[in-house]
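This briefing is meant for a reader who is meeting this structure for the first time. Please look over the sequence and the model shown below before reading the points that follow.

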Amino acid sequence: MKVTKTDKYSASEQGLGYIYQARLALLRLLQLPEDTAVFLEKDDDLDFVDSADGKSLASLKHKAVGDKLTDLSPDFWKSVNIWLERYKRDGRSASNLQFFLFTTGTVSTGSFLARLLPDQPIASGDLATLTELANASLANSKSQLIASIAKAFNELSDPEKQDFLERIVIFDSSPRIGDIPSIIRDKHMRSIRREHREFVFERLEGWWTDAVIMQLTRAHAEGIFGYEVSDKLSNFAEEYKTDNLPITFRGKQPAGEIDITADPRLFVAQLREIGLSSSRIRSAVLDYYRAFEQRSAWARENLLVSGEVEEYEDRLADEWSRYKDVVFEKLAGDSAESALREAGATLYNWAEFETGKLESLRIRARVSEPYVLRGSFHILADATPEPKVYWHPRFLDRLARVLGVAS
């Protein structure tokens with residue numbers, strides 16, 4: 001059933017708020033000094049702690065387009081209610097707290113809340129104080145909700161009220177949730193080529209989401225620092241340099257169970273022919289999957305030069321052919337099956353464990369991830385109608401029989 005905006009059971013706005021909370025936290029960390037740490041859902045929606053242990057509590061409001069913040073807006077006073085409790089808890093005027101309200105709405109013209117916007121000039125002596133303006137607004141309220149907040153506010157002395165209100169900054173017209181990715185890409189990724197920024201942002205946000213989940217589940221309860229975001233962004237950017245490629249399938253698993261006994265693919269049949277153990281064949285299946293999917297991802301992101309993969313495979317096949325000739329050199333037409341298998345295993349072990357040491361066998365100079373190379377050999381071993389590499393010395397002679405068993 002399609003859920004409409006007026007459906008009373010819809011939680012879409014609440015869900016949007018949680019996503020907005022994480023996205024805005026990421027944007028703010030990129031804007032603040034790198035030694036700033038953020039906590040989500042601690043004392044407020046977001047807590048920012050600087051290197052001097054100053055703390056800023058931020059309330060976030062993602063509102064409908066055109067929403068206005070007025071003197072008696074519940075959004076403002078509900079945040080005040082939270083901040084009052086923290087202010088009193090931390091020693092009132094002796095506390096190190098600041099209070100931020102980020103709202104996608106705008107402060108209404110004529111509202112005293114305009115005095116809380118950033119970079120407002122210090123009020124001259126002939127203007128009412130923030131305390132006087134707040135007291136006057138609260139006196140005009142008929143809301144029971146605001147009445148309880150007014151009671152808590154009035155527990156402060158007038159100097160404390162003024163001190164408390166002067167700690168508040170309202171950031172109205174804050175970016176909407178859908179605008180944040182483009183802001184990050186355009187203002188914080190200028191060192192990255194434009195055509196790669198969207199993919200770098202996706203990777204950054206994926207890492208960020210995991211970091212936020214780790215914090216919220218208390219698996220990593222410490223704050224997330226700005227320098228962590230900078231370091232991660234820098235690492236991702238490095239992978240998009242001309243001598244590198246992003247590695248995004250490390251540790252990934254294919255959907256479904258891996259059944260090596262029923263796997264019909266040619267590269268798996270090749271490994272059975274040289275007597276490889278089940279665990280090693282399973283590792284090979286994972287390498288094949290990760291390399292294949294990684295290539296597909298590179299192609300989707302237009303990261304590969306025309307003919308680059310083919311040239312890379314030619315290099316692998318040529319190196320394999322040279323080493324094959326060495327390993328198979330002393331075999332004879334009547335060599336025992338055990339000797340054939342041993343030679344095939346030696347050739348395969350070289351491909352799996354030794355080729356990674358050769359920089360000339362990397363698809364690009366800085367792409368050293370093992371599954372890229374190992375999986376590429378399996379892709380070559382799976383080529384049809386005839387594999388481009390093989391391990392067992394008699395495999396091509398037995399190919400028809402092997403394919404018949406596989407089918």
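Predicted model: local features only at pLDDT ≥ 70, side-chain atom pairs only at ≥ 80, totals over all residues.

From strand E3, the residues Lys-55, Leu-57, Ser-59 and Lys-61 point one way while Ser-56, Ala-58 and Leu-60 point the other way, and all of them are buried.

**Strand E3**

- Strand E3 covers residues 55–61, and because seven of its seven residues are buried, E3 is largely enclosed by the rest of the structure.
- In a regular strand the side chains alternate between the two faces of the sheet.
- Five residues lie between the strands in the hairpin of E2 and E3, where Asp-53 takes a positive phi near 70°.

**Strand E5 and its two partners**

- Six of the seven residues of strand E5, which runs over residues 97–103, are buried, so E5 is likewise largely enclosed by the rest of the structure.
- E5 pairs with E3 in the parallel sense over seven bridges; in this pairing the bridge partner of Ser-59 is Leu-101 in E5, and Leu-60 stands opposite Phe-102 in E5.

- Taken together, six strands form an open sheet in the order E7-E5-E3-E2-E1-E8, in which the pairing is mixed.
- The edges of this sheet are strand E7 and strand E8, the latter at residues 224–225, and each of these edge strands pairs on one side only.

**Helix H7 and His-196**

- Helix H7 comprises residues 194–216 and contains His-196, while the helix itself has 23 residues and reaches 33 Å from its first C-alpha to its last, which is close to the 33 Å expected at 1.5 Å a residue.
- His-196 has a relative accessible area of 7%, which is under the 20% limit, so it counts as buried.
- Leaving aside residues up to four places away in sequence, His-196 touches Tyr-240 and Leu-303.
- H7 is followed by Arg-218, whose phi is positive and near 65°.

**Gln-120 in a loop**

- Gln-120 is found in the loop between strand E6, at residues 106–107, and helix H3, at residues 130–139.
- With a relative accessible area of 38%, Gln-120 falls between the 20% and 50% limits and is therefore partly exposed.
- When residues up to four places away in sequence are not counted, Gln-120 touches Ala-114 and Arg-115.
- Gln-120 and Ala-332 are 212 residues apart in sequence, and from C-alpha to C-alpha they are 90 Å apart in space.

Conventions:
Residues numbered from 1 in each chain as written. Heavy atoms only, no water. Buried < 20%, exposed > 50% of the residue type's maximum accessible area, 1.4 Å probe, protein only. Helix = DSSP H or I, 4+ residues; strand = E, 2+ residues; numbered from the N terminus. Pairing = 2+ DSSP bridges. Contact = heavy atoms within 4.5 Å. Expected span 1.5 Å × (residues − 1).
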